[in-house]
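Visitor: Could you take me closely through a single part of this model, the open sheet, and tell me how its strands are arranged and what packs on them?

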Amino acid sequence: MSESEQAAKGPLPVVSWLKGIDTDDPFLEGHKCGACGAVFLGEREVCSSCGTRNQMNAVRLPNKGRLYSYSIVHRSFPGVEVPYISAIVDLDDGGTVKGNLINIEPDPANISFDMPVEVVFGDALGRKDRDGNSYIAYFFQPAT
Amino acid sequence: MSDVYVVGIDMIKFGRFPEKTVPQLGAKAALMALDDADLAIQDMQALYCGNLGQASAMVGQRILQEIGQTGICVVNCANACATGATAFREAWMSIKAGVYDVVLAVGVEQMGKGLLGGAGGAKGISKEGLLGSSTMPAVFAEAGMEHTRQHGTTFEQFAKVSVKNHHHSTLNPKAMYQIETPLETVMNAEMISYPNTKLMCSVNVDGAAAAVLVSEKKAKELGMQRAVRVKASVLTSDPYTNRDLVMPDVNAVTRRAAKEAYEMASLGPEDIDLVELHDCFATAEILHYENLGLCKDGEAGRLIDEGEVALGGRVPVNVSGGLLSKGHPLGATGIANIYEVSTHLRAEAEKRQVEGAKIGMTHVIGLGSACGIHILEKVV
Ligand SMILES: [Zn+2]
């Protein structure tokens with residue numbers, strides 16, 4: 001496939017475990033160990049919690065969760081817009097995901113631990129790769 | 001198995017030395033440690049070298065090319081910020097195993113300025129600021145905020161760590177900085193990643209430290225007067241915990257190492273007279289008071305508030321100035337910590353001396369993750 005053909009196919013998922021971006025119902029995919037229940041992001045064959053092989057099952061992760069921890073980033077790499085909230089979110093039913101918490105003022109006074117958040121999907125802040133592809137990313141926002 | 005002793009140890013003053021090469025910095029520390037032991041490179045049976053920035057470039061051999069190519073065994077180690085501790089531990093293990101009687105461990109690093117963080121992959125697009133932050137200040141801020149979540153630790157309490165360590169560094173001529181930073185100065189410094197301000201982030205510096213380790217037989221031969229006994233040497237990797245792969249768990253990896261170290265030394269936290277721990281960020285130091293058992297869970301804020309961890313307190317932490325002010329040359333840090341504790345056990349720390357120090361602990365974390373802990377004991 002040439003570069004222009006790739007670009008013409010539309011945006012790509014920002015991570016391999018962001019699925020269904022060509023539908024109106026994208027979601028994050030986890031892999032859950034059939035033996036111990038540990039949830040991982042990305043495909044794998046062996047569970048690093050219990051060592052069990054070949055019992056990892058793909059699961060659709062819920063779009064709801066709670067804020068576990070965060071930092072408000074004021075200095076980042078060149079070209080990255082600051083400030084923003086780097087958030088650690090525990091999804092309902094297991095699985096932890098890191099991402100930007102958006103649509104809330106980046107001020108500790110406004111942010112509370114365990115606040116309910118939802119996963120939303122959108123363009124990856126206009127970032128494109130060397131071949132000109134655009135990307136779809138996931139974000140967190142306060143749950144309505 | 002023989003006990004292992006440190007009979008020579010030293011570090012160069014941390015700073016920025018762009019005109020020097022990595023092997024030159026390492027060689028300088030190696031010669032200082034040899035002088036401290038009153039031994040020569042010809043006496044060394046092996047060299048364990050820790051360096052991160054040139055991990056594939058045979059730094060240990062290039063150090064010998066500077067100070068004496070005696071043909072001995074050289075092992076080069078890289079283990080993130082636990083690199084120096086790993087090199088020291090490999091040296092310790094070679095004596096424990098009975099393979100050698102006298103070995104040299106060197107940790108050395110030359111650092112650039114700026115933020116440390118996960119490298120953006122070559123494929124796709126940068127995830128920094130898109131899927132949260134992977135910069136070290138943010139990662140350790142998130143770890144600190146977990147403590148806030150659990151115990152209500154405040155921005156001010158985190159900042160006090162930096163006030164303390166900067167104060168300690170005014171008493172250490174080998175620290176990068178010797179500058180007092182009052183609480184308001186720390187809290188009003190440029191915010192890097194809340195709650196870590198610029199003065200709550202470790203200083204990127206160049207540095208090197210080295211140690212001569214010997215068997216009991218050799219230590220007796222050389223004289224025990226200034227010898228320091230290695231009571232425990234432990235290295236752990238991150239055990240599985242629920243969030244570890246998304247939010248590196250520096251607590252579980254440290255708690256496991258501390259437990260093993262206390263068991264190996266047949267000692268408890270109440271026996272420790274001073275600690276050099278991995279204050280890569282002010283938030284991190286708070287976590288490790290509890291992880292190392294210096295206080296009960298939830299008491300770390302009180303420890304910093306009441307000065308128990310300051311010089312003169314119950315268990316002084318980072319009297320060298322710590323990574324926050326002495327500086328953090330990644331591969332050198334683990335041996336520089338051991339130098340600091342050894343200096344107190346030898347009662348040679350002058351203005352910053354922890355009076356009557358008999359037993360000390362060093363701790364480093366390499367994110368990704370590795371935890372190295374050493375417990376050292378005064379001999380004479
Ligand atoms: Zn499992």
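Guide: Helices (H or I, at least four residues) and strands (E, at least two) are here DSSP runs, numbered from the N terminus, and two strands pair if DSSP finds at least two bridges between them. The model is a predicted one, in which local features need pLDDT of at least 70 and side-chain atom pairs count only at pLDDT 80 or more, while totals for chains, interfaces and linings use all residues. Residues are numbered from 1 along each chain as its sequence is written, and chains are lettered from A and ligands numbered from 1 in the order in which they are written.

In chain B, 9 strands form an open sheet with mixed pairing, in the order β3-β2-β4-β7-β1-β8-β11-β10-β9. Because β3 (73-77) and β9 (274-276) of chain B stand at the edges with a single partner strand each, one side of each is left without a neighbour in the sheet. On average, and with direction ignored, neighbouring strands of this sheet are turned by 25 degrees against each other; axes are lines fitted to C-alpha atoms, for helices over the stretch in contact, and angles run from 0 to 180 degrees between N-to-C directions.

Within the sheet, β1 (residues 4-11) and β7 (residues 207-215) of chain B pair in the antiparallel sense over 7 bridges, and B:Ile9 has B:Ala211 in β7(B) as its bridge partner. Helix α3 (residues 83-96) of chain B packs on the sheet, where the strands that α3 touches include β1, β4 (102-109) and β8 (228-237) of chain B, contact between two residues meaning that their C-beta atoms, placed from the backbone, lie within 7 Å. The direction of α3 makes about 170 degrees with that of β4(B).
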